[in-house]
Amino acid sequence: MSAECSSYLNADKVLVSGFSCPRAGGDARAVYCCGFQDVKYCCDDPHSFFPYEHSYMWWLSVGALVGLSIAAVVLFAFIITVCVLCYLFISTKPRSKLDTGLSLQMAGKTSC
């Protein structure tokens, strides 16, 4: 079984001539033409989208998880800090009005 990859323009706008799969000196199992309009390659899975090993995706995933974890910890610390400050603000407010020492009187009344 073999497949033909037609010629295409790569990302640098250079014409890459067509080739048949499997390529000489390549993997004998790579009998399908895979890829996109600007990069084509022989592969063993017709549903493959990337010509690279998938191990690099683990580093991206680990990096993303570490970044998201740090962001979550910072957000959590911010929320806890806001809650503590609100609690301290509310709990340290005086419960009643301070006594100024002056008593209120009705206007217009005179005392004898």
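Modeller: Start with Cys 34: its relative accessible area is 5%, so Cys 34 is buried. Bear in mind that the model is predicted.

Biologist: What does Cys 34 form with Cys 43?

Modeller: The general idea comes before the case. A disulfide is a covalent bond between the sulfur atoms of two cysteines. Here Cys 34 and Cys 43 form a disulfide, with their sulfur atoms 1.7 Å apart. Cys 43 has 6% relative accessibility and therefore counts as buried.

Biologist: How many disulfides does the structure hold?

Modeller: The structure holds three disulfides. One of them is formed by Cys 5 and Cys 33, whose sulfur atoms are 1.8 Å apart. This pair links distant parts of the chain: Cys 5 lies in strand S1 (residues 3–5) and Cys 33 in strand S5 (residues 32–35), 28 residues apart.

Biologist: Is Cys 5 buried or exposed?

Modeller: The cut-off needed here is that buried means under 20% relative accessible area. Cys 5 is at 2% relative accessibility, so Cys 5 counts as buried. Cys 33, at 30% relative accessibility, counts as partly exposed.

Biologist: Which cysteine does a disulfide join to Cys 21?

Modeller: Cys 21 is joined to Cys 42 by a disulfide, S to S 2.0 Å. Cys 21 counts as buried because its relative accessibility is 1%.

Biologist: Next, handedness. What is the angle about the S-S bond in the link of Cys 21 and Cys 42?

Modeller: The angle about the S-S bond is -80°, and the link of Cys 21 and Cys 42 is left-handed. For the link of Cys 5 and Cys 33, the angle is 125° and the link is right-handed.

Biologist: What pattern do the disulfides of the chain follow?

Modeller: Counting bonded cysteines along the chain, the pattern is 1-3, 2-5, 4-6. Cys 83 is in no disulfide; its nearest cysteine sulfur belongs to Cys 86, 6.7 Å away.

Biologist: Why is there no disulfide between Cys 83 and Cys 86 in this reading?

Modeller: A disulfide needs the two sulfur atoms within 2.5 Å, and the sulfur of Cys 86 is 6.7 Å away from that of Cys 83.

Biologist: How is the accessibility of Cys 83 classed?

Modeller: Cys 83 has a relative accessible area of 47%, so Cys 83 is partly exposed. Cys 86 also counts as partly exposed, at 41% relative accessibility.

Technical notes:
Residues are numbered from 1 along each chain as its sequence is written. This is a predicted model: local features need pLDDT of at least 70, side-chain atom pairs count only at pLDDT 80 or more; totals for chains, interfaces and linings use all residues. Side-chain values use heavy atoms; hydrogens and water are left out. Helices (H or I, at least four residues) and strands (E, at least two) are DSSP runs, numbered from the N terminus. Buried means under 20% relative accessible area, exposed over 50%, partly exposed in between (1.4 Å probe, protein chains only).
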